[in-house]
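Here's a quick briefing to read with the model open beside you. Take a look at the structure first, then work through the points below.

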Amino acid sequence: MPHLTWTGFWVLGDKHSLFRDGTEAVPYRFKSCPTVTPLPHPASRTPRSLRSIMRERLSVPFFSLLQETGELAERRRVSVYAVGGFVRDLLLGIPNVDLDLVVEGHGIRFAKDLARQYKARVTPHERFGTATVTFPDGHTFDIATARSESYDAPAALPRVRRGSIKEDLCRRDFTINTLAIRLNAPRFGELVDHHGGRRDLKDKTIRVLHGLSFVDDPTRVFRAIRFEQRLGFHLHRDTAVLLTETAKMGLVRSLSPSRLSGELLHVLSEREPGKTLARLADFNLLHFIHAQLKWSAGLARLLDTVKQAITWHAGLSLGRLASPWVVYAMALLDVLPHPAVQETLARLTFPRRHTQSLLWVSQESARLLQTLDRTAKPSEMFRALCNLPDETLVFLMAKARSTQGKQNISDQITTYRRVGSILNGNDLKAMGLKPGPLYNRILDRLLDARVDGTVETEANERRLVRRMVK
Ligand code: CTP
C-alpha cells in the first residue's frame with residue numbers, strides 16, 4: 001500500500017475513506033460525496049509582513065513577548081509560528097490573546113526553553129508533542145510540534161510525524177484558520193498563507209481545504225457554522241454542499257459524547273447562540289443532540305429572552321455570570337419533554353453540577369414559576385429560590401411571565417441573597433443556648449425575619465431568639 005497523505009487520498013479518487021473520532025479509526029464507505037471544485041490555489045505567495053499591524057493591534061508587552069519568542073527560536077535554530085485563530089482575529093481586528101504556536105522542530109523542548117526564560121510553568125503533553133506554557137501573570141501559550149498526518153491504509157490510525165509548517169497547516173479545518181505568522185527574528189511578522197486564507201478573510205468566506213475535511217473530523221460542521229455566524233461570514237458554495245452531505249450521512253452521530261458535548265458547549269458559549277442554533281437547524285443538525293429537538297419560533301423567542309435576561313444580569317454589576325452557556329442550554333432543552341432531557345443529559349458529558357441544574361430546571365421550573373407569580377411574604381420567595389445557582393435564576397427571569405414573578409426573582413438576586421442575620425452561632429452560645437439542630441432553626445428564622453423586614457437591629461434579633469426558646 002503506498003504511503004498516502006490524507007488529501008492525496010482524495011486526489012487519487014479512491015472510494016474509501018476514513019472516519020476519525022478521537023483516537024478511533026472506523027472504516028467508512030464514502031457513498032455520495034459531491035464533486036469538489038478544486039480550490040484555486042493561494043492568493044499570494046509573496047511574503048507580506050504583518051509587523052506593523054501587530055505593533056498597532058497588540059499591547060506593547062505582548063508584542064515584545066512575541067518578538068523575544070522569535071529571538072529565542074532563532075538562537076535555538078527552530079522556526080516558530082503563531083497560527084490559527086490568533087492570526088485570523090488579528091487580521092479581523094478582533095482582540096484575541098489565545099496564542100497557539102507551532103514549532104518546526106521539537107515543540108516541547110522549545111516550550112521548556114521559553115518557560116525557563118520567563119520563569120513560567122510548562123505542562124508538557126508528550127503523547128501529542130504539545131505543551132502549555134503558563135506565564136507568571138497567568139497568560140498561556142499553547143505550543144505544538146509541526147506535524148503531518150498520513151495513512152498506511154484505509155481504517156488505519158493516522159501516522160503522525162514531525163513535519164513542516166506547510167504540512168501542519170494542510171491538516172486544518174478552514175482556509176481562514178490556516179494563516180500563520182513567522183516569529184523568527186529576521187523575518188518576524190511574515191505572513192504564511194498557503195491556502196488563500198487572507199483572500200477568504202477579505203471575502204468573508206468559510207471554505208474547507210479539501211473534500212474530506214468534514215469526514216476527517218465531523219466536529220467541523222459545528223465549527224463551520226459557528227465561525228460563519230460569529231464573524232458574519234458565509235459558507236463557500238462547495239463547503240455548504242459538503243456540509244449538507246455530511247449532515248445527511250449522519251457522520252455527526254459517530255462523534256464521541258465528549259466531542260459532541262464540547263461542540264455544543266462552544267455553540268452555546270457564542271455571543272449569540274440563537275443565530276448559530278438556527279443555522280444548525282437549517283442543516284438539520286439539531287436532531288443529533290436529540291431526535292425530538294426541533295427549531296421553532298417559540299425556541300427562537302425564548303433564546304432571545306434569555307439573551308435579554310443575561311444582559312439584564314450583567315447590568316446589575318454583581319459580577320459576571322459564571323456560565324452563561326448553561327442558561328442557553330436550559331432554553332434549548334426547555335422545548336423537550338423531561339424524559340428526552342434526561343436522555344440528552346445522560347449522553348452529554350457536561351460538568352455534573354450543570355447537568356444537575358439542567359435536570360432540575362426541566363423538572364421543577366414550571367411549578368416554581370407558578371409559585372413566583374403569587375404575591376407572598378418575601379421570606380417565602382427567598383426560601384423557594386435560595387439554593388438555586390445564578391444561571392437558574394436568570395433562566396427563571398427569562399421564563400417568568402408576570403410582573404410579580406419577575407419582581408420576586410429580581411428581589412432574590414439583587415437584595416435577599418445579600419441579607420444576613422447579625423447574630424451567629426457564637427452569639428447563640430454566648431446567650432447560653434446548647435449547640436445543636438436548634439441553632440439552624442434559629443438562624444433560619446432570623447434570616448427570614450430580616451428578609452421580611454420584621455427585625456432590623458441586633459436587639460430585635462436577640463428579642464426574637466429569646467421568644468423562640470422561651
Ligand atoms: N482545528 C482544526 N480542526 C478542528 C479543530 C481545530 O483544524 N476540528 C485547528 C484550526 O486551525 C484552529 C486551531 O486548530 O484555528 C485551533 O483550534 P481552536 O482553538 O478550537 O480554534 P480557534 O480558531 O482558536 O477558535 P476559537 O476562536 O473559537 O477559539
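The protein chain folds into 22 helices and 15 strands; helices here are DSSP runs of H or I with at least four residues, strands are runs of E with at least two, and both are numbered from the N terminus. Keep in mind that this is a predicted model: local features need pLDDT of at least 70, side-chain atom pairs count only at pLDDT 80 or more, and totals for chains, interfaces and linings use all residues. Residues are numbered from 1 along each chain as its sequence is written, and side-chain values use heavy atoms, with hydrogens and water left out.

**The chain as a whole**

- The protein chain has 470 residues, and 49% of them count as buried. Buried means under 20% relative accessible area, exposed means over 50%, and partly exposed is in between (1.4 Å probe, protein chains only).
- About 22900 Å² of the protein chain is accessible surface, and carbon and sulfur atoms own 51% of that. These areas come from the Shrake-Rupley method with a 1.4 Å probe, and for residues only the protein chains shown count as cover.
- Take the contacts in the protein chain with a separation of 6 or more: 66% of them are between residues 24 or more positions apart. A contact means heavy atoms within 4.5 Å.

**Around the ligand**

- There are 14 residues around the ligand, and Arg88, Asp173, Asp217, Arg223 and Arg230 come nearest. To be near, a residue needs one of its heavy atoms within 4 Å of the molecule or strand in question.
- What sort of residues make up the shell around the ligand? By class, nine are charged, four are polar and one is nonpolar. Asp, Glu, Lys and Arg count as charged; Ala, Val, Leu, Ile, Met, Phe, Trp, Tyr, Cys and Pro as nonpolar; and the others, Gly among them, as polar.
- Arg230 has a side-chain N or O atom 2.7 Å from an oxygen atom of the ligand. For Arg223, a polar side-chain atom sits 2.9 Å from a ligand oxygen, and for Arg172 the distance from such an atom to a ligand oxygen is 3.1 Å.
- On its own, the ligand has 570 Å² of accessible area, and the protein covers 72% of it.
- The top contributor is α9, with six residues.

**Two residues with positive phi**

- Arg77 isn't a glycine, yet its phi is positive, at about 60 degrees. You'll find Arg77 in the loop between α3 (60-75) and β5 (79-83), and it is exposed, with a relative accessible area of 77%.
- Lys204 isn't a glycine either, and its phi is about 55 degrees. Lys204 sits in the loop between α7 (197-203) and β14 (205-206). Is Lys204 exposed or partly exposed? At 43% relative accessibility, Lys204 counts as partly exposed.

**Aromatic pairs**

- Searching the whole structure turns up seven aromatic pairs. Rings of Phe, Tyr and Trp (its six-membered ring) pair if their centres lie within 6.5 Å; planes under 30 degrees apart are stacked, over 60 edge-to-face, and the rest tilted.
- Phe63 and Phe188 pair edge-to-face, 5.6 Å centre to centre with 90 degrees between the planes. This pair links distant parts of the chain, 125 residues apart: Phe63 is in helix α3, while Phe188 is in the loop between β12 (180-182) and β13 (190-192). Phe63 and Phe188 are both buried.
- Phe135 and Phe141 also pair edge-to-face, at 4.9 Å centre to centre and 70 degrees between the planes. Both of these residues, Phe135 and Phe141, are buried.
- Ring pairs join Phe62, Phe86, Tyr118, Phe135 and Phe141 into a cluster.

Definitions and conventions
A polar contact is a pair of N or O atoms within 3.5 Å; within protein, one must be able to donate a hydrogen and the other to accept it, and residues adjacent in sequence count only if both atoms are side-chain atoms.
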